[in-house]
Amino acid sequence: MAEQQQEYKVGDRVEKLCAVCNEERGHVVATITKRGQVSRVDCPKCGTRSSFKSKTRLSGTRATEQTAAPYDRTRTYRPGQTMMHQTYGMGEVTAVIEPQKIDVLFADRLRRLIHAQQSEGQ
Ligand SMILES: [Zn+2]
């Protein structure tokens with residue numbers, strides 16, 4: 001099949017209107033069908049899991065140029081805070097696992113950032 005469809009993986013980000021938060025926001029892909037299509041997504045803000053209709057046309061990248069402070073590993077983050085990561089771009093903190101381990105929803109997917117004690121290059 002030559003049809004090129006975007007394939008998602010669990011942890012990827014999709015935009016969806018959350019009925020609970022009543023706003024369109026980034027959701028985290030929770031389950032995927034065998035054909036690589038998103039079936040369920042989690043709202044990182046309220047935790048609601050809802051079904052995702054792939055028919056929903058994504059209106060491209062929204063031109064909301066939000067301003068966020070650069071990611072600072074010495075900082076303590078809370079869920080809901082935004083940051084500008086030099087590699088991944090704009091992100092929103094969705095969960096704090098440990099004081100030095102946070103989940104951040106970036107434009108493409110959810111990533112776990114670990115503030116290393118020592119700064120070792122990647
Ligand atoms: Zn929500």
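## The zinc site

A donor is an N, O or S atom within 2.8 Å of the metal. In this predicted model, the zinc ion is coordinated by the SG atoms of Cys18, Cys21, Cys43 and Cys46, at 2.2 to 2.3 Å. Along the sequence, these donor residues follow the spacing C-x2-C-x21-C-x2-C. The angles that the four donor atoms subtend around the zinc ion run from 102 to 114 degrees, so the arrangement is tetrahedral; the rule for four donors asks that all angles lie between 85 and 135 degrees.

Cys21 stands at 21% relative accessibility and so counts as partly exposed; the limit for a buried residue is under 20%. The structure holds zero disulfides.

Four strands make up an open sheet in the order 1-2-3-4, and their pairing is antiparallel.

Val29 has Val41 in strand 3 as its bridge partner.

## The loop between strand 3 and strand 4

Lys45 is placed in the loop between strand 3 and strand 4. Its relative accessible area is 52%, so Lys45 is exposed; the term applies over 50%. Lys45 and His27 are 18 residues apart along the chain, and their C-alpha atoms are separated by 8.7 Å.

Strand 5 and strand 6 run antiparallel and are joined by four bridges. A hairpin of three residues leads from strand 5 to strand 6. Across this pairing, Thr82 stands opposite Glu92 in strand 6, and His85 stands opposite Gly89 in strand 6.

The two faces of strand 5 can be told apart. In a regular strand the side chains alternate between the two faces of the sheet. Met83 and His85 form the covered face of strand 5, whereas Thr82 and Met84 form the uncovered one.

## Aromatic pairs

The count of aromatic pairs comes to two. In one of them, the ring centres of Tyr71 and Tyr77 lie 6.0 Å apart and the ring planes stand at 25 degrees, so the pair is stacked; planes under 30 degrees apart meet that condition. Tyr77 has 3% relative accessibility and therefore counts as buried.

The rings of Tyr88 and Phe106 have their centres 5.1 Å apart and their planes at 55 degrees, so this pair is tilted. The pair links distant parts of the chain, 18 residues apart: Tyr88 belongs to the loop between strand 5 (82-85) and strand 6 (89-98), and Phe106 to strand 7 (residues 101-106). With 26% relative accessibility, Tyr88 counts as partly exposed, whereas Phe106 is buried, with a relative accessible area of 0%.

Key
Residues are numbered from 1 along each chain as its sequence is written. This is a predicted model: local features need pLDDT of at least 70, side-chain atom pairs count only at pLDDT 80 or more; totals for chains, interfaces and linings use all residues. Side-chain values use heavy atoms; hydrogens and water are left out. Donors are N, O and S atoms within 2.8 Å of the metal (3.2 Å for Na, K and Ca); water is not among the atoms, so sites may look incomplete. Four donors count as tetrahedral if all angles lie between 85 and 135 degrees; four count as square planar and six as octahedral if opposite donors are over 155 degrees apart and all others between 65 and 115; anything else is irregular. Buried means under 20% relative accessible area, exposed over 50%, partly exposed in between (1.4 Å probe, protein chains only). Two strands pair if DSSP finds at least two bridges between them. A disulfide is a pair of cysteine sulfur atoms within 2.5 Å. Rings of Phe, Tyr and Trp (its six-membered ring) pair if their centres lie within 6.5 Å; planes under 30 degrees apart count as stacked, over 60 as edge-to-face and the rest as tilted.
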